Amino acid sequence: IEASQDQEIEIIAIEEEVEEGPLLFFLVEDKPSFQGGGPEDFRTYIMSNVTYPRIAMENGISGTVHVTFVVDKTGNYSNLKIQRGVDPSLDNAVIDAIKKAPKWKPGAQRGKPVPVSMSIPIRFVLN
């Protein structure tokens, strides 16, 4: 339809509603924050709260454990998975530390809290 200069056009605002359900975000406008920081602060927290397993030390095992999890709408953790592990003892040490960690401030999209997938490497080094 064409409009001439004499015709008025009414613009109706369309409000987009965020769909509820199993929607998961990887990139968001407001990233989740851990104790006022981000993934680097979380990594520091984990490394200061992980006990290097004795068996791993005795066997000279070191490396980087890649862990993924979801920070849900309330800041809790869910879907905790080891994406690439080094050794079961190191993998379990990371899992135990994450389970004891405090909540995050959840991520947000368009001002509403949303679940956000996080991926963080945790490096174990023997001195």
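A residue is called buried when its relative accessible area is under 20%, exposed when over 50%, and partly exposed in between (1.4 Å probe, protein chains only). The model examined here is predicted, so local features need pLDDT of at least 70 and side-chain atom pairs count only at pLDDT 80 or more, while totals for chains, interfaces and linings use all residues. Residues are numbered from 1 along each chain as its sequence is written, and side-chain values use heavy atoms, with hydrogens and water left out.

Ser 89 is buried because its relative accessible area is 17%. Contacts, meaning heavy atoms within 4.5 Å, link Ser 89 to Pro 53, Ile 55 and Ala 56, once neighbours within four places in sequence are set aside.

Turning to strand β3 (residues 107-109), this element includes Gln 109. With a relative accessible area of 15%, Gln 109 is also buried. Leaving out residues up to four places away in sequence, Gln 109 touches Phe 25, Leu 27, Val 28, Glu 29 and Val 114. Phe 25 and Gln 109 are 84 residues apart in sequence, yet their C-alpha atoms lie 8.8 Å apart in space.

Phe 26, by comparison, belongs to the segment before α1 (39-49). Phe 26 counts as exposed because its relative accessibility is 60%.

Conventions
Helix = DSSP H or I, 4+ residues; strand = E, 2+ residues; numbered from the N terminus.
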